[in-house]
Amino acid sequence: MKNGKPAGKGKITITAEEVKDNRVVIFEVEARKLDKKDLFGKSDPYLEFHKQTSEGNWLMVHRTEVIKNNLNPVWRPFKISLNSLCYGDMDKTIKVECYDYDSDGSHDLIGIFQTTMSKLKEASRHSPAEFECINEKKRQKKKSYKNSGIVSFKNCEIITECTFLDYIMGGCQLNFTVGIDFTGSNGDPRSPDSLHYISPNGVNEYLTAIWSVGMVIQDYDADKMFPALGFGAQIPPSWQVSHEFPLNFNSSNPFCSGIQGIVDAYRACLPQVRLYGPTNFSPIINHMARFAAAATQQKTASQYFVLLIITDGVITDLDETRSAIVNAAKLPMSIIIVGVGGADFSAMEFLDSDSGALRSRTGEAAVRDIVQFVPFRQFQNAPKEALAQSVLAEVPQQVVSYFSMYKLQPPNKPAAKQDGS
């Protein structure tokens, strides 16, 4: 980065929405004494927030997580854009609906209430804003009906979020590390069938992935010195299996100069190691997490870490990796997994967990989604920029979600934005 601006042609895509002044509302909400809707258990409640369009229709703008089998749910803190919620008008009516989730999609209404941001923003833990959930059909049928439960807003905080661009322009550095799979399932590198086989024109899927992603992300790293690690190989001189060895075999200085330096180190390393196994991701994730944890001692949004793992998809330590990711989600860190070859990538898609929060073996949920998985062969015939764009699509929001979660500002805080700008 030069003079605070990313250099070079490759860019992580910044949408128009991301460069606007984004005011968001952070909610802490719970409920009590909700109606029991399930025949063989309690309700599985969730909330929907709706705003009214200029035509008078109600538009859903947010749905919370589902809390299983609980009539007194406590939802994890969540945030909604103030503009999606009420067009920035503090007195505009907001409708909140509470439902019991059903797996077949026929969710049962528990109750509804209406409010405004003017009322919600007064909420605090000492004086929550509370609302009765009303089910009109039940009220009409039953004279003694009072409500279907109480929804309590314990906190409602309006903040102006920095955008990804604000963090980068404000001095946040992205630290890029590559982890390469050297396990036996890749095949003998001397054989044309191997994923590590370097073709006569000097490429393979590993090298292409390194170039595609690295050439974009290197522009957000000031010194362009990148740690490059391997895992799953027997390494000299003792030929012990290692799951986090530097490609240049220099443990005190595993850094490579630029993306070309990574490529050179990979080419030099390949004939010196014996592909082996098992395929363990957790050591290399924990390795990077230690550096990310150290960066949290700085009380500004100064550093964020991106780990690119390139693998053939056969993972051995899934439970340990789940726990490592859940821990890493609390740190300034993202994980990109590029799957090479044609193996079964269901474990990688499971780690990506776009359908819900990834959980550790003990049941702890990741506080945010930090894993992006992309199968390389979907992009074999696409322009080279397409792989990088897909792989890095979620990084800007992951950066923002981490720093906003801990309310960290860039080292060089941007000038305050004026209303209407």
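The structure is a predicted model, in which local features need pLDDT of at least 70 and side-chain atom pairs count only at pLDDT 80 or more, while totals for chains, interfaces and linings use all residues. Residues are numbered from 1 along each chain as its sequence is written, and side-chain values use heavy atoms, with hydrogens and water left out.

**Overall build**

- The protein chain holds eleven helices and 18 strands, where helices (H or I, at least four residues) and strands (E, at least two) are DSSP runs numbered from the N terminus.
- Its C-alpha atoms fill a box of roughly 80 × 55 × 40 Å along the principal axes.
- Of the 421 residues, 52% count as buried, a term that stands for under 20% relative accessible area, with exposed set at over 50% and partly exposed in between (1.4 Å probe, protein chains only).
- The accessible surface of the protein chain comes to about 20100 Å², of which 50% belongs to carbon and sulfur atoms; the areas come from the Shrake-Rupley method with a 1.4 Å probe, and for residues only the protein chains shown count as cover.

**Nonpolar cores**

- The largest nonpolar core, which is a set of buried Ala, Val, Leu, Ile, Met, Phe, Trp, Tyr and Cys residues joined through side-chain atoms within 4.5 Å, has 56 residues, and Phe-176, Phe-182, Leu-247, Ile-262 and Phe-403 touch the most other members.
- Helix α5 (residues 205-217) gives this core its largest share, seven residues.
- A second, separate core has 31 residues, including Ile-325, Ile-337, Met-348 and Ile-370.

**Helices α8 and α11**

- In helix α8 (residues 318-328) the buried residues are Thr-321, Arg-322, Ala-324, Ile-325, Val-326 and Ala-328, and their cover includes α7 (282-295), β17 (333-339), α9 (346-352) and β18 (371-375).
- Helix α11 (residues 395-405) is mostly covered, with nine of its eleven residues buried, among them Val-399, Tyr-402 and Phe-403.
- Leaving aside neighbours within four places in sequence, Phe-403 is in contact with Tyr-167, Cys-172, Ala-301, Gln-303, Tyr-304 and Leu-408.
- Just after α11, Lys-407 takes a positive phi of about 55°.

**Strand pairing**

- Strands β1 (residues 22-32) and β8 (residues 150-161) run antiparallel and are joined by eleven bridges, two strands being counted as a pair if DSSP finds at least two bridges between them; here Glu-30 stands opposite Ser-152 in β8.
- Strand β7 (residues 129-132) also runs antiparallel to β8, with four bridges, and Phe-131 stands opposite Val-151 in β8.
- An open sheet of three strands has the order β12-β11-β15 with antiparallel pairing; β12 (240-242) and β15 (274-275) each have a single partner strand and stand at the edges, so one side of each is left without a neighbour in the sheet.

**Gln-234 in strand β11**

- Gln-234 lies in strand β11 (residues 233-235) and is buried, with a relative accessible area of 15%.
- Strands β11 and β15 pair in the antiparallel sense over two bridges, and Gln-234 stands opposite Arg-274 in β15.
- Not counting residues up to four places away in sequence, Gln-234 touches Trp-239, Gln-240, Val-241, Val-273, Arg-274 and Tyr-276.

Key: Contact means heavy atoms within 4.5 Å.
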